[in-house]
Amino acid sequence: MKVKTEQFLQTARAELKNETTRKFLEVFPQTLGGLRNRAFSLLPNPREILDHSAAIRAEVIDRLPDLLETFEKNAQANGARVFWAGDADQANDYIIGLARDRGVPYISKGKSMVTEEMGLNQALEKAGIDVWETDLGEFITQLLGLPPFHIIGPAINVPVEQIRDVFMEKAGMTEPTTDPVELGQAARRFLREKFHHLRMGVTGVNIAVAETGTIFNVENEGNIRYCKSSPQIQVSIMTLEKVAPTMADATFLLWSLCLSSTGQGLGSYVTMDSGPRKPGELDGPEELHIIILDNGRSDLYQDPVVREALRCMRCGACLNFCPVYGQIGGYPYGWAYSGPMGQILNPLLLGLDITPDLYRACTLCQKCKTVCPAGINHTDLMRYYRMKDAAGDREMKGRGAPLPDKALHRLYALTADNPGLWTVLSRWLNLSANIFEKDGKIDHLPGTAKGWSSLRDLPPFPAKTFHRRWKEMERGGKGEGSK
Amino acid sequence: MGRAMVMTENTRETILSKLRKAPHKGVPARNPQPVQVDPEIDRPALIDLLKEKLTLVGCRVFEAQGRKAVRGILTDLFHQEGISRILASEDEVITSLNLRDWAGEQGFELKSLSDFETPRDYKEAVFLEAEAGLTGVDFAAASTGSLVLAAGPRQARLVSLAPISHFAIVPLSRVVPDHQSVVERIFGQGERPSQVFWITGPSRTGDIEAIINLGMHGPKNVFVILLDDSTG
């Protein structure tokens, strides 16, 4: 999909004024977050659950190459075909090649973030192959050409009138309605026919089990089940970090994923595939293709700090608790992943140079970290990206700090190292700031400090610093701090 | 796809060797996995938990003493819901109910998997004709009210998905405490089913204005009949 991370500020500004966005952001993230909190609060051991799933994810990242090899071996033994894709193009080409080779008239897709990352829909359209998103939210965003607003509710912010119009135009709806349930029924009728005659279904993968070569998907609508049950060919795409060591681990992760995501003990449907349909079965795919996608991950894996971002399971809990996401919604993040999840993943996968606002649009409140079932320390990672960007790290496409910043930091280092200079300069700065005092406070400052002071009031600086008063007290003076 | 094969072999080696050459710090041993349900729970409490969770996720729960009672409940429910065309799987639970004669007597049109000559006929029936899908279950996990079915020649996937109503028969002997009990039993030994599917309530979405809409793509109604099979 098209990368728009550089338009972060612009989009965020527009979204702050968008009334529909405001309406949904006031309700939706809090509701999902509330469901998550309630589900955990009803369990006797919430912290243990989060810690345990974080420990599994930590182990996965450390043992990644072994687990992938084991997974591949077992998936092949189950009869699946495993294809390794270095980048999005290779994965897209494989799917296009397969669709052409088998002559399928169209493809149906289950909701999958990785295919957003790959730009699969665009690649298929370019190749002249029809593709239908089948998750209701994804179906709507596809018809309208919108990016996902929230990982759980991609079209949650789209007004019903807009859905009505596009369904009338493109989804065979005959009777106009703005009732959400009736709109859903119209999509059901339209997509049901697609499911019935489906010959190739494409899905993502939530968890891949090394021990058994099994892949898991979880969903609420049933569209993924159709994509895996009705067609002759099933293609499931996993990014390489989606693997888990054992069936017991994977099943546990699934639970913590669902709890974190929507507060459900389990999504309405979970499917665990170990190979294609067997002789005698009436449905299920004859061919199961599993694509393992790298797309830059093995490079970023080299850095032990950055690597921890790969723990992410895409539950979306961090979005619901983020004060920044809660104001601006999903669009400004400009790519497949939004919220704190997007702030740590997009910069790694796209480069620090085109995503600087993402890792800076963070208050470092750490709420995301406390709800993350994978044990990711988002804020530490974002600080690390800022540092790497300032240092001009080449691997991560850091830009290097701008000259004025560098000069300022040099000056600071010099001054902080020299007590005499520090005293003189700080005294000068304090006195200069006091020039702007008005009614007992400094509410604006010029130059570099303008932006900072526009939101903050300072009390005027006292005439004597703490050190000076201390010294005067020691000498027996009264050390009053009056101006 | 010859070129793709060569490409994937090289790509595979590149990816794996990069992952291997990166520094690995090792990970400490993990604590034991937290459990979903107290392992000491007794059977009656477990069944109660299952009923509570099934209801919570939106299933309608019925209880039957023996197989005859199951047929009675089905008769009532089908009449009540105006259902006459039923597609049934042929798993042990369903076959043990001897539904053929019953359906004939009651005037229901009952089709089973082996009635279809081709997968195409079966798909026509499951997508266009069946008003209800009827299945047994392999297990029911009490911790989350989940029905677990393993695909096979006698358990097709779409029967519990495409018709707007799903009727599931759950013998109490197949009720287990939690997810781990299910996967230990299914994946612990022997051949793995091509697909294991878990059903926790009806198909649902909240994708338009966060309004909950049941029966989005799958069944809107899930009826669960708990069969007390302890007396044989």
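In this predicted model, B:Ala140 stands opposite B:Val175 in strand S8 of chain B. Strand S5 of chain B, residues 139–141, runs parallel to S8(B), and two bridges join them.

Step back to the sheet around this pair. Eight strands form an open sheet with mixed pairing. The order is S8(A)-S5(A)-S6(A)-S9(A)-S9(B)-S6(B)-S5(B)-S8(B). Its edge strands are S8 (243–244) of chain A and S8 (175–176) of chain B, and each pairs on one side only. Helix H13 of chain A, residues 247–262, packs on the sheet. In chain A, H13 touches strands S5 (207–209), S6 (214–219), S8 and S9 (269–273). The direction of H13 makes about 15° with that of S6(A).

Strands of a sheet pair through backbone hydrogen bonds, either parallel or antiparallel.

Now turn to strand S12 of chain B, residues 221–228. Is it mostly covered or mostly open? Mostly covered: seven of the eight residues of S12(B) are buried. Strand S1 of chain B, residues 60–65, runs parallel to S12(B) and is joined to it by six bridges. Here B:Arg60 stands opposite B:Phe223. Strand S7 of chain B, residues 165–171, is also parallel to S12(B), with seven bridges between them. B:Ile169 has B:Ile225 as its bridge partner in S12(B).

A:Leu408, A:Leu411, A:Leu414 and A:Leu421 make a nonpolar patch of about 370 Å². Helix H21 of chain A, residues 403–416, gives the most to this patch, with three residues. A:Leu408 is found in H21. With a relative accessible area of 52%, A:Leu408 counts as exposed, because that term applies over 50%.

Notes
Residues are numbered from 1 along each chain as its sequence is written. Chains are lettered from A and ligands numbered from 1 in the order in which they are written. This is a predicted model: local features need pLDDT of at least 70, side-chain atom pairs count only at pLDDT 80 or more; totals for chains, interfaces and linings use all residues. Side-chain values use heavy atoms; hydrogens and water are left out. Patches are made of residues with over 30% relative accessible area and no salt bridge: like charges are joined within 9 Å, nonpolar side chains (Val, Leu, Ile, Met, Phe, Trp, Tyr) within 5 Å. Accessible areas come from the Shrake-Rupley method with a 1.4 Å probe; for residues, only the protein chains shown count as cover. A salt bridge is a side-chain nitrogen of Lys or Arg within 4 Å of a carboxyl oxygen of Asp or Glu. Helices (H or I, at least four residues) and strands (E, at least two) are DSSP runs, numbered from the N terminus. Buried means under 20% relative accessible area, exposed over 50%, partly exposed in between (1.4 Å probe, protein chains only). Two strands pair if DSSP finds at least two bridges between them. Contact means heavy atoms within 4.5 Å. Axes are lines fitted to C-alpha atoms, for helices over the stretch in contact, and angles run from 0 to 180 degrees between N-to-C directions.
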